[in-house]
Amino acid sequence: MKAFSNFTILTLFVVFIISQFGEGTILSGVYASLTAIVILISLYYGRGIQKKFGVAMTLIGITVLLFQQSSFELWIQGITKNFPLVFLIATVPLLGIPISLGKYHEHLADLTAKFQKKPHFLYLMVSGMFTLIAPITNMGSIYIVHSMIERLNLPASFLGRVYVRGVSSVNTWSPYFASVFLVVYSLNVPVYQYLPYGLLLSFFQVLIAYLLFTYVEVKTMTFNLGSSIGERSNRKLFELAAALVLITGFIFIFEPLVDLNVSLLISLIVLLLACLWSFYLYEGKAFFKELKEYLGNIFPQKSNEISLLLTAGFFGVVLAETPVASVINVIWEGLANVSVFVLILGTIIIVALLSFVGVHQIVTASTIIATVSYESLGIDVMTMAMTLLSAWGVSVTVSPVTPVIAIVTSIIKENPFKIILRWNLPYALMLAVVHSLVIYAIHLLWLS
């Protein structure tokens with residue numbers, strides 16, 4: 001079953017690439033059919049509450065389409081809606097291979113150890129490591145960073161804060177994250193145009209987290225200091241920083257110039273540069289060995305992410321064709337009629353609250369994008385994008401069903417609700433208010 005599942009999704013990847021260079025009824029049918037099979041496979045391998053939501057959205061969507069006797073084209077649109085995102089999340093982790101082969105994390109580990117006697121600098125340093133590594137390794141960055149600093153014997157209350165906040169600060173700007181790609185892709189916003197706004201949101205995330213930790217939270221912690229970890233090579237650190245700039249730069253240079261699906265463009269750049277990076281390290285053979293192993297384990301490793309993305313896209317398209325879409329639109333128009341600030345803050349709070357009770361932000365964001373018109377709300381598309389991504393960033397810190405909380409819970413062996421309610425809720429509340437003020441100010445000053 002595992003071999004068949006991974007062969008199927010790899011075949012679908014090839015079909016998706018071919019579909020970007022040609023169109024046809026047969027090709028569309030094959031593309032949709034394979035995607036439908038992948039949905040079923042992902043649900044089969046799915047786990048926990050994510051699987052339950054995926055099954056529910058799929059069954060509701062199918063029931064509605066059959067009841068409405070919807071067209072074949074609408075079925076295809078719904079089934080394939082978020083597949084470009086699946087292609088993206090499956091290829092971006094390949095950048096973690098040269099990072100591991102080059103042992104860059106070991107050199108970063110020693111640099112971090114130098115700051116352990118100054119907790120606020122250490123916090124800033126670890127946050128910075130996420131800014132550097134997370135855009136190209138996604139959720140894997142938590143494991144990488146933890147491997148660097150676990151010998152420092154840092155308190156769980158420190159790790160539970162900096163890991164969650166570090167990753168969530170990248171959620172609002174990196175085109176390699178499903179959050180950014182889902183929003184900007186669905187709203188037809190070029191990534192290079194959104195980047196400055198996303199970086200601004202991320203800046204305030206890092207700033208709020210640092211100030212809260214330095215002036216409030218650090219007073220409640222006791223640090224049992226470890227020892228320095230090893231030798232540090234500044235050349236290795238420079239290589240890592242240069243690689244990140246090069247990879248990100250390629251995307252923003254080529255996106256407006258190449259008439260290609262953005263997810264495919266990013267994935268091709270990732271694959272090419274990860275390969276070249278490995279050859280630069282004289283690890284070409286090791287790279288292809290790691291690549292083969294990774295591609296043979298997409299299922300079950302990424303089953304929850306794939307099922308949520310595909311079923312949420314399907315559900316959003318179906319919902320847009322029902323009276324529910326009008327109800328959702330009326331609610332958001334009601335918020336906008338009070339004020340744009342209330343609209344922004346209300347969206348962030350609603351998405352976060354739904355995430356807290358188990359409704360993943362992929363579902364909520366997809367539904368809002370599919371059913372709410374930013375033009376009818378009287379706001380710019382960039383305001384809509386920033387609001388949804390801010391809501392996503394806040395939701396990551398308070399949702400027990402996000403991979404971030406699940407991974408951190410597993411690593412530091414703490415109750416997820418302790419991580420959410422005791423350690424990160426004050427940060428989430430502050431972030432919701434500050435982000436709302438920032439987005440509202442940008443709306444008034446630049447986007448009105």
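Ala, Val, Leu, Ile, Met, Phe, Trp, Tyr, Cys and Pro count as nonpolar, Asp, Glu, Lys and Arg as charged, and the others, Gly among them, as polar. With these classes, the lining of the largest pocket divides into 22 nonpolar, 14 polar and five charged residues.

The model is predicted: local features need pLDDT of at least 70, side-chain atom pairs count only at pLDDT 80 or more, and totals for chains, interfaces and linings use all residues. Residues are numbered from 1 along each chain as its sequence is written, and side-chain values use heavy atoms, leaving out hydrogens and water.

How is empty space found? Rolling a probe the size of a water molecule over the atoms shows where it is left. On a 1 Å grid over the protein atoms alone, a pocket is an open set of points where a 1.4 Å probe fits, with protein on both sides within 12 Å along at least five of seven lines; lining residues have an atom within 4 Å of a point. A volume is the space filled by probe spheres set on the points, which are joined across faces, edges and corners.

The largest pocket has a volume of about 1,200 Å³. Of its 41 lining residues, Met139, Gly140, Lys302, Glu305 and Ile407 are the closest to its centre.

The second largest pocket has a volume of about 450 Å³. Its lining has 16 residues, with Ser19, Gln20, Tyr31, Ile76 and Thr80 nearest the centre. By class, six are nonpolar, eight polar and two charged. Helices α1 (2–19), α2 (25–45) and α4 (72–80) each give two or more residues to this lining; helices are DSSP runs (H or I, at least four residues), numbered from the N terminus.
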